[in-house]
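Subject: A structure for you to look at

Dear colleague,

I am passing on a structure that I have been reading through, and I would be glad if you kept it open beside this message. What follows below it is a walk through what was found.

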Amino acid sequence: MAYKNEVILLGNLTKDSELRFLPGEDTAILSFTIATTKPKRDKDKEKPFFIGATIWGEYAKIMEPLLKKGRQVLVTGELEYSSWDTEGQFHTKHTIKVEDVQLLSKPKSDSSSHSESTFDETDAGAAGGANEKTKKQTKNEKTG
């Protein structure tokens, strides 16, 4: 039996995304957290939970100005699990390695923000296509 690791998550960003680069490399990593809820069962209250997500490479650079606090997104990717030990304390974490992002709302306006994104909302629809193009370019660079 074949298994597939695919996650589709709908939620809101808890804060602006954070772009960083691997030390000594030009590889971009965009990190953000999505707040979502479990479906209601019976009369239980919805309980929010938060999951981290990362985007790697050129797609991270494209999406960084668009992923702002409060924006509703639908992400598709794969679930990753990591564990580590810090001074005898064992830690685990699940995150989503994002392959595609659909922007479902505009970010909440924040009077303290410096400037609005230079991206047009129509660019958001093309972002998924840009990710596929970036994947193909990277694959070709590795094989060529």
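Predicted model: local features only at pLDDT ≥ 70, side-chain atom pairs only at ≥ 80, totals over all residues.

Residues are numbered from 1 along each chain as its sequence is written, and side-chain values use heavy atoms, with hydrogens and water left out.

**The overall layout**

The protein chain contains 2 helices and 6 strands, where helices (H or I, at least four residues) and strands (E, at least two) are DSSP runs numbered from the N terminus. Along the sequence these elements follow the pattern β-β-β-β-α-β-β-α. Of the 144 residues in the protein chain, 27% count as buried; here buried means under 20% relative accessible area, exposed means over 50%, and partly exposed lies in between, with a 1.4 Å probe and protein chains only. Among the contacts between residues at least 6 apart in sequence, 61% join residues at least 24 apart, a contact being heavy atoms within 4.5 Å.

**The strands around β6**

Strand β4 (residues 48-56) pairs with strand β6 (residues 89-103) in the parallel sense, over 3 bridges; two strands are said to pair if DSSP finds at least two bridges between them. Strand β5 (residues 72-86) also pairs with β6, but in the antiparallel sense and over 14 bridges, and within this pairing L74 stands opposite Q102 in β6.

T95 itself lies in strand β6 and is buried, with a relative accessible area of 13%. Setting aside residues up to four places away in sequence, T95 touches I51, G52, E78, L79 and E80. Leaving out its neighbours within four places in sequence, T54 is in contact with I29, L30, S31, I96, K97 and V98.

**The turn between β5 and β6**

β5 and β6 form a hairpin with 2 residues between them. E87 lies in the loop between these two strands, and E87 has a positive phi of about 50° although it is not a glycine. As background, most residues other than glycine have a negative phi. E87 counts as exposed, at 81% relative accessibility.

**The nonpolar core**

Which residues touch the most other members of the largest nonpolar core? Of the 21 residues in this core, they are F32, I34, I55, M63, L67, V75 and V101; a nonpolar core is a set of buried Ala, Val, Leu, Ile, Met, Phe, Trp, Tyr and Cys residues joined through side-chain atoms within 4.5 Å. The elements giving two or more residues to this core are β1 (7-13), β3, β4, α1, β5 and β6. For V75, the contacts beyond four places in sequence are V7, I8, L9, F32, I34, I96, V98, D100 and V101. In soluble globular proteins, nonpolar side chains tend to be buried together.

**The salt bridges**

A search of the whole structure finds 4 salt bridges, each being a side-chain nitrogen of Lys or Arg within 4 Å of a carboxyl oxygen of Asp or Glu. One of them joins E6 and K4, whose closest N and O atoms are 3.5 Å apart; E6 counts as partly exposed at 44% relative accessibility, whereas K4 is exposed, with a relative accessible area of 69%.

Another joins the side chains of D26 and K61, at 3.6 Å from N to O. D26 lies in the loop between β2 (18-21) and β3 (28-37) and K61 in helix α1 (residues 58-63), so the pair ties together parts that are 35 residues apart in sequence. D26 is exposed, with a relative accessible area of 56%, and K61 is partly exposed, at 28%.

The side chains of E58 and K61 also meet in a salt bridge, at 3.2 Å from N to O. Both residues lie in helix α1, 3 residues apart, which is about one turn of the helix. Salt bridges that share partners join D26, E58 and K61 into one network.

With best wishes
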